[in-house]
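Hi,

Here is the structure I promised to pass on.

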Amino acid sequence: MLERYLDWQGNLEQLVATAKEICVDFDLRDGGEISIRMVRDYIQRGILGEVDKAGRELEFTYENLFRLVLARVLLQDGWSLRKIAEHFDFSNLQELEELFPNNENRALSAIKRLRSSVKNSKKINSLISGQEISISKKLARRTSIQQEMKQALRKLGLPEDGPATEEVTLLAIAPWFQVLMDKHRFKSLTPKDAEDLGQAVTASLTQLIIKRGEQK
Amino acid sequence: MIDIKFTPEKNGILVDEGNTFDVLFRASSTENDSTKKTQRLPLNLSIVIDRSSSMQGQPLDEAKKCASMLVDRMGEKDRLSIVMYGADAEVLVPSQPVTDKRKFKSQIDAIYASGMTALYDGWSLGAEEVAKNSHSNSISRVLLLSDGQANRGLVDEDVISAHCQKMAEIGVSTSTYGLSEYFNENLMVGMASAGQGQAHYGQTAEDLLDPFQEEFDLLEAILSRRMRLRILPEKGVSFEILNGYSQDGEGRFILPDLAFGADVWALIQIKINSKICSQQPETKLKILSAYIDYLDHDGVDQRSETAKLIIDLCTREQFACLELDETVKSRATEVRAATLQEVAQVAARSENWAKVDQTMLALAELGEENEWIKASVQRLKAYSTRRQRESFSKETLYKSRKMKQRSVAKNEEIFSSRSESGRPSYLRRKMEQGKREL
C-alpha cells in the first residue's frame, strides 16, 4: 500500500502528476505514460471506482490514486484493462492493498496477485455468462508470442539489442499480433497491396480458427 | 567470479560462403571449490506433498521418507514449510527455522491420503510460504510432489507454468517430483522448466529418494544463481540456442544455476551470411560477444567479463585440415539425441509407434558416437518394444531435458558406469532418469 498518500486528495492534473511520481518510484513502465486521457478512460471502465465532483471539476482521493497505480502494477503483470476492471469490481480496498508490491518483499505480493487472479477468475466466471480466456492464459499466450517474435528476429539475423541494422519494419497491430515486413518493399506498398494483405491475413486466421474447431 | 568462453566446432570457417556451425559456450567458476563448499547458502524451502487418494500406501510412505530426509539435512539457518494437498491445500507447518526437527517429522507422519489433486492450490500455498522469507542471500524453492493429474482448482498447464515463471523471476524457483506411471509429465516438466528448478521422477516410490538427495546435493553446492546470458551478434550473424533455454523479459537466456565443480553450457548454432565472409583468407572475423549477469554466492548482482568469438576465414583446403573439437561434437550429439527423444515422446503420446520405432533407429545411430546415449537408448528400447506408453513417454521427456540442460562436470570423461559413480549426484549421467541406480 501507499501509506504516505493515505490523506491524499487532488484534481485530475494532480492525480496524473502524483501517479506518475509513484510509478517512477516503483519502476512501473508498461502501458504507456499516464495522461489525462488515460485517466478518463480508466474512469469510464470503472477502474478508479467512484469519483467525486466539486462543481465541474473531478475530485480524487487516496482510493482513486491507489486504484490507478495498482492498475499499472497489474498491467505490468500482463493483465488486460478489462480484467482489471472486473477484478476491482469484486474486491474491496483492503483486498486490493494486499496486491500492491511491497518493496521489502516483492515475491510475497507477486504470489498474492497470482493467487488472487485465479480466485477472482473463478468468482467472475461464475457470475459472468459467456466464455472467456483467463488473464493468465492471455499472459502465457502473449509471452509465447513475444518469445516467437524474438526467435524470428534472431533467425533473420536481427539481434534484439545488438548491432542490428537489418531493414525490417515491425507493425505492432496488437500486443499479441505483430507483423514484420521488408522495409524496402514497404516503400512501394500501395493501398491495394494493403487491402490484399488484409484479406490474406483474414483468410489465414479464419482457416486457423476452423482448424482449431472453435468456429461457431 | 565466473569465467566464460566459446569453443567452435572447428577453428575456422569458409571464405566467400555462407557458414553454419556449432559453438559451445561454457561458464565455470573461478572460485576455489574446496574452500567455498563448506559455506552453503541458507535454504528457504517448502515441500508440497500430494496426499490424494492414489498416494495411499507405499507412495505416501516414501514421500514422507523424502520429506523427513530433507528435514534431517537442513539446519538452524534454513527455513522449511510443509504443505499438503488433496481436494484442498493446507499449510501443515508454516515457514519456520528448522530448529525442532521432531516437530516437523511428527507433522509429516500425520499426513494421510484422501481426495482429489488440487495441485495448483498446493503449489501456490507453498510458494506463498517461501515468498514470506525470500531474500537474495538464501535459496528459495518449492519442491512439489505429485503422482497424478491436476484435477481440481486451476488445471491449465500453460497458466500454472506461467505462474511458476513469474515467481522464478523474483527469486522463488520450483522443482517437481513425479511419481509412478500416471502423473502428468508435461505439466511437471513444464513447471520445473518455467520455475527454473529441477524436474525429477521416480518410477516407483523407492526410486524417489535418489532425486531428493540429488536436489539437496545441488542446493548445497550452488555457487551462482539467476544466471542470464546476453548474446550480441555482429551484423549478418544470426544464432539459435539449441538447448531450449527460455528468455527473460530483457531477451537474456535463462541458464541453470552454477554449482561447484560444474560447467553451465549452451550449444549455439551460428549462421553467417556469405557477404561477411567475402574477405581475404586468414582474416579474423568477430562473430559475436556475450556476458552473464548473475547473483554470486553472497547474493550480490555481478556481471562476467565479456567474451568474444573470433574465428579465422580459411580456404577449402585449410578448412579440410581443421579438426573437429571432440567436446563440441559430443555435446551436439547429445542435443540432437534430446531433440529426437522429444519427437519420440510426442509420437508415443499419440500412440504413433511407427514413428517411435523410426526415431529409435535414429537414436541408436547417435548412440554409436556416444556411450551415454547408447546406454540410454538400450533402456528406452525396452519400453518402446513393449509399447509401454507411459513409461516411454516419461523417460524420453526427462532424459531429453537432462541431455539438453544438465550441469557438466569439469573435465568430464567418456561415459561409463565407473566414470559416474565417483561424481556428485547432480553431475551424474544416469542411464535411466526414473530409476534409482545401485
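What follows is about aromatic rings and the charges over them.

This is a predicted model, where local features need pLDDT of at least 70, side-chain atom pairs count only at pLDDT 80 or more, and totals for chains, interfaces and linings use all residues. Residues are numbered from 1 along each chain as its sequence is written, chains are lettered from A and ligands numbered from 1 in the order in which they are written, and side-chain values use heavy atoms, with hydrogens and water left out.

Searching the whole structure turns up 10 aromatic pairs over all chains (ring centres of Phe, Tyr or Trp, the latter by its six-membered ring, within 6.5 Å; planes under 30 degrees apart are stacked, over 60 edge-to-face, the rest tilted). One of them is B:Tyr120 with B:Trp123, tilted at 45 degrees with the centres 5.8 Å apart. These two sit 3 residues apart in helix α4 (residues 119-131) of chain B, so about one helical turn separates them (helices are DSSP runs of H or I, at least four residues, and strands runs of E, at least two, numbered from the N terminus). B:Tyr120 is buried at 1% relative accessible area, and B:Trp123 is buried at 0% (buried is under 20%, exposed over 50%, partly exposed in between, with a 1.4 Å probe and protein chains only).

B:Phe183 and B:Tyr201 are tilted too, at 6.0 Å and 50 degrees. This pair links distant parts of the chain, 18 residues apart: B:Phe183 is in the loop between β8 (172-179) and α6 (185-194), B:Tyr201 in strand β9 (residues 196-202). Both B:Phe183 and B:Tyr201 are buried. B:Lys394 lies over the face of B:Phe183, 4.8 Å from the ring centre (NZ of Lys or CZ of Arg within 6 Å of the centre and within 35 degrees of the ring normal).

Cheers
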